[in-house]
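Please work through the exercises below with the sequence and the model open beside you. Each task sentence is followed by a solution that goes step by step.

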Amino acid sequence: MDIMRCEHLSKVYQTGENKVYALDDVSLGIEQHSFTAIIGPSGSGKSTFLHLLSGLDKPTGGKVWYQDQDLYAYRDNQLSVLRRRRFGFVFQNYNLVRELTGWENILLPVMLDGRKLDEAYLDSIIDKLEIRDRLSHLPGAMSGGQQQRVSIARAMANKPDILFADEPTGNLDRKSGEEVLRLLRQTAHDLGITLVLVTHDQQVADQAERIIRIEDGKIAFDSEVRQS
């Protein structure tokens with residue numbers, strides 16, 4: 001069962017008289033509870049694709065459905081609430097609030113949404129990501145790998161259906177990146193969260209159940225589609 005799908009999705013930028021297709025007529029579905037990696041070189045359109053799927057940017061053409069609801073039929077404020085409640089985001093640069101401790105950063109989405117704290121759920125995430133000894137530290141006192149683990153916990157705090165990760169290991173050394181990826185994958189699996197990850201690293205993509213390669217804004221390869 002697909003939790004999300006898109007049809008004829010495009011993003012076009014006008015530069016003078018020229019049109020630049022960052023994404024060009026992409027259609028696919030993403031199965032619930034799956035782990036999909038979107039891979040491609042810099043400038044291929046993979047991050048644009050993730051931003052369109054997750055409602056962070058609006059397409060020039062095409063549609064995105066989340067649980068059979070047209071994502072871009074929502075008003076901006078409704079879409080913001082949907083993203084906060086149903087989607088989680090992990091970025092290459094961590095995006096932690098520097099003045100807040102690890103614990104305060106993790107709580108931020110829950111507090112912004114005015115939800116009741118589910119301490120047992122958050123405790124399970126913290127233990128799975130092995131960051132309990134970092135909760136009282138500011139981001140500046142953490143390694144890159146520790147900061148990324150905290151950002152993953154923050155992304156999962158509101159119990160999202162889908163977690164979007166954009167180059168989550170891009171700023172980490174190989175060993176730290178492998179550990180963060182292992183924890184991200186295992187935690188998402190254990191909690192039943194659909195994981196969509198963008199990377200330029202084939203070794204990272206190889207950990208996924210499905211690999212989609214984007215080149216020049218188009219799907220060049222999809223491991224779920226038999227190649228002729």
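The model is a predicted one, in which local features need pLDDT of at least 70 and side-chain atom pairs count only at pLDDT 80 or more, whereas totals for chains, interfaces and linings use all residues. Residues are numbered from 1 along each chain as its sequence is written, and side-chain values use heavy atoms, with hydrogens and water left out.

**Exercise 1.** Determine the strand order of the open sheet and name its edge strands.

*Solution.* Helices (H or I, at least four residues) and strands (E, at least two) are taken as DSSP runs numbered from the N terminus, and two strands pair if DSSP finds at least two bridges between them. With these terms, 6 strands form an open sheet with mixed pairing, in the order S6-S7-S8-S3-S9-S10. Strand S6 (87-91) and strand S10 (218-222) are the edges, since each pairs on one side only. Neighbouring strands of this sheet are turned by 20 degrees against each other on average, direction ignored. Within the sheet, S3 (residues 35-39) and S9 (residues 210-215) pair in the parallel sense over 4 bridges, and isoleucine 39 stands opposite arginine 213 in S9.

**Exercise 2.** Describe how helix H5 (residues 144-156) is placed on the sheet and how far it is covered.

*Solution.* Begin with the packing: H5 touches S6 and strand S7 (162-166), where contact means heavy atoms within 4.5 Å. The direction of H5 makes about 165 degrees with that of S6; axes are lines fitted to C-alpha atoms, for helices over the stretch in contact, and angles run from 0 to 180 degrees between N-to-C directions. Next comes burial, which means under 20% relative accessible area, with exposed over 50% and partly exposed in between (1.4 Å probe, protein chains only). By this criterion 11 of the 13 residues of H5 are buried, among them Gln148, Val150 and Ile152. The cover over the buried residues includes S6, helix H3 (102-112), helix H4 (119-129), S7 and helix H6 (174-191).

**Exercise 3.** Find where aspartate 25 and glutamate 167 lie, and state the phi and the accessibility class of each.

*Solution.* As background, most residues other than glycine have a negative phi. Aspartate 25 has a positive phi of about 60 degrees although it is not a glycine; aspartate 25 is found in strand S2, and counts as partly exposed because its relative accessibility is 44%. Glutamate 167 has a positive phi near 50 degrees and lies in the loop between S7 and H6. At 10% relative accessibility, glutamate 167 counts as buried.
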